Amino acid sequence: MSIPLDTADSPGALLVPYPATLDVSYELVEHVSWLIYARRRELNSPWRRLGCFKQALLTLAHLRKNETFTQLAAGFGVSTTTAWRYVDETLDVLAAWTPGLHEALTGLGEGDFVIVDGTLIPIDRIAADEPYYSQKHRKHGMNVQVIARPDGTPLWFSHATPGRTHDLTAARAHGIVQACLTREILVLADRAYQGAGATVRTPYKNHREQPEQYQQFNRDHARLRAPGERAFAQLKSWRILRRARCSTRRIGTIVQAIHTLLTCNCSG
């Protein structure tokens, strides 16, 4: 005999808070709480239902574990609306600290190289939402471009564009190709960027049918570009980006906010 259990989506469901841990450092929570404190001082809004530290913790739990606002509200003893407002405010605070494209490339120039790649952030959408459907990944999502150092450390993440946007189209629209050309920075990218020209280097097509030097070039290219996958691995370690349930307009802000958090971790 099966016993029906109420869930958070069921009418009249009971939510019971429980102790849990979050796999982020105490220093990171403290750093975010100081940013929130500065924003509250700026707005002349010192009193809130939750203190700065708990607001930071609430936001990090949402990003790291992809918990719903209903779950967060129950765990922190606030309303769902308040939980949403706290997260939304903190995302804007964090996103404001991310560098712009030209700022991210400061210090790089002729003789340096970066890795450029794109990824899809999966989203909940129906089949009719054609602009968000990626034929390459066969799912709905948002396209995000990254510029990474040779060791895979992310330098810059782009704003999100609809999933069907081609990687080369996105890179051009964000100004990546032109910015790297201006600074004479070599760009290593995959076949999706073929035809970019400028300082972008991509693998040769049909390399198995090409002379040995072409095959060796592709092997060396793949070896140098491989660490770039680390940038997206770090980004998607925050479960909110494994399947985003929010408005597509907020995904870019979430990516920028997480980039700030990754920078905090690196500097700490």
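# Asn66 and other spots in a predicted chain

Visitor: Not counting residues up to four places away in sequence, which residues does Asn66 touch?
Guide: Asn66 touches Ala61, Arg239, Ile240, Arg243 and Arg245, once residues up to four places away in sequence are set aside. Keep in mind that this is a predicted model.

Visitor: Where does Asn66 lie?
Guide: Asn66 lies in the loop between helix 2 and helix 3, and helix 3 covers 69–76.

Visitor: Is Asn66 buried or exposed?
Guide: Asn66 is buried, because its relative accessible area is 14% and buried means under 20%.

Visitor: What about the phi of Asn66?
Guide: Phi of Asn66 is near 60 degrees, which is a positive value in a residue other than glycine. Glu184 is also a residue other than glycine with a positive phi, near 60 degrees.

Visitor: Where is Glu184 found?
Guide: Glu184 is in the loop between helix 7 (176–183) and strand 6 (186–188). Glu184 is partly exposed, with a relative accessible area of 43%.

Visitor: Back to helix 2. At what angle does helix 2 cross helix 4?
Guide: The axes of helix 2 (residues 52–65) and helix 4 (residues 80–95) cross at roughly 90 degrees and come within 9 Å. Helix 2 is therefore roughly perpendicular to helix 4.

Visitor: Which residues make the contact?
Guide: Helix 2 supplies Gln55, Leu58, Thr59, His62 and Leu63. From helix 4 come Ala83, Tyr86, Val87, Glu89, Thr90 and Leu91.

Visitor: How many of the residues in that contact of helix 2 with helix 4 are nonpolar, polar or charged?
Guide: Six are nonpolar, four are polar and one is charged.

Visitor: New topic, Trp238. Where is Trp238 found?
Guide: Trp238 sits in the loop between helix 9 (229–235) and helix 10 (248–267).

Visitor: Is Trp238 buried or exposed?
Guide: Trp238 counts as buried, because its relative accessibility is 1%.

Visitor: Leaving aside neighbours within four places in sequence, which residues is Trp238 in contact with?
Guide: With those neighbours left aside, Trp238 is in contact with Val24, Leu28, Leu60, Leu63, Arg64, Ile258, Leu261 and Leu262. Trp238 and Arg64 are 174 residues apart in sequence, while their C-alpha atoms are 4.4 Å apart in space.

Visitor: Across the chain, what share of contacts between residues at least 6 apart in sequence join residues at least 24 apart?
Guide: For the chain, that share is 62%.

Visitor: How many helices and strands are in the chain?
Guide: The chain has ten helices and seven strands. It has 268 residues, and buried residues make up 44% of them.

Visitor: Let's do strands. How many of the residues of strand 1 are buried?
Guide: Nine of the ten residues of strand 1 (residues 113–122) are buried, so strand 1 is largely enclosed by the rest of the structure.

Visitor: How does strand 1 run against strand 6, parallel or antiparallel?
Guide: Strand 1 and strand 6 run parallel, joined by three bridges. Leu188 in strand 6 is the bridge partner of Ile115.

Visitor: And against strand 3, parallel or antiparallel?
Guide: Strand 1 and strand 3 run antiparallel, with eight bridges joining them. Asp117 stands opposite Val146 in strand 3.

Visitor: In which sense do strand 3 and strand 4 pair?
Guide: Strand 3 and strand 4 pair in the antiparallel sense, over three bridges. Ile147 stands opposite Trp156 in strand 4.

Visitor: How many residues are between strand 3 and strand 4 in the hairpin?
Guide: The hairpin has five residues between the two strands. Gly152 in the turn has a positive phi of about 95 degrees.

Visitor: Where is the place of Asp151?
Guide: Asp151 is in the loop between strand 3 (139–148) and strand 4 (154–157). Asp151 is partly exposed, with a relative accessible area of 42%.

Visitor: What does the side chain of Asp151 make a polar contact with?
Guide: The side chain of Asp151 makes a polar contact with the side chain of Thr153, at 3.0 Å.

Visitor: Which residues is Asp151 in contact with, leaving aside its neighbours within four places in sequence?
Guide: Those residues are Pro227 and Arg230. Asp151 and Arg230 are 79 residues apart along the chain, and their C-alpha atoms are separated by 8.3 Å.

Conventions: Residues numbered from 1 in each chain as written. Predicted model: local features only at pLDDT ≥ 70, side-chain atom pairs only at ≥ 80, totals over all residues. Heavy atoms only, no water. Helix = DSSP H or I, 4+ residues; strand = E, 2+ residues; numbered from the N terminus. Buried < 20%, exposed > 50% of the residue type's maximum accessible area, 1.4 Å probe, protein only. Contact = heavy atoms within 4.5 Å. Polar contact = N/O pair within 3.5 Å; in protein donor to acceptor, adjacent residues only side chain to side chain. Axes fitted to C-alpha atoms, helices over the stretch in contact; angles between N-to-C directions. Parallel < 35°, antiparallel > 145°, perpendicular 65-115°, else oblique. Nonpolar A, V, L, I, M, F, W, Y, C, P; charged D, E, K, R; others polar. Pairing = 2+ DSSP bridges.
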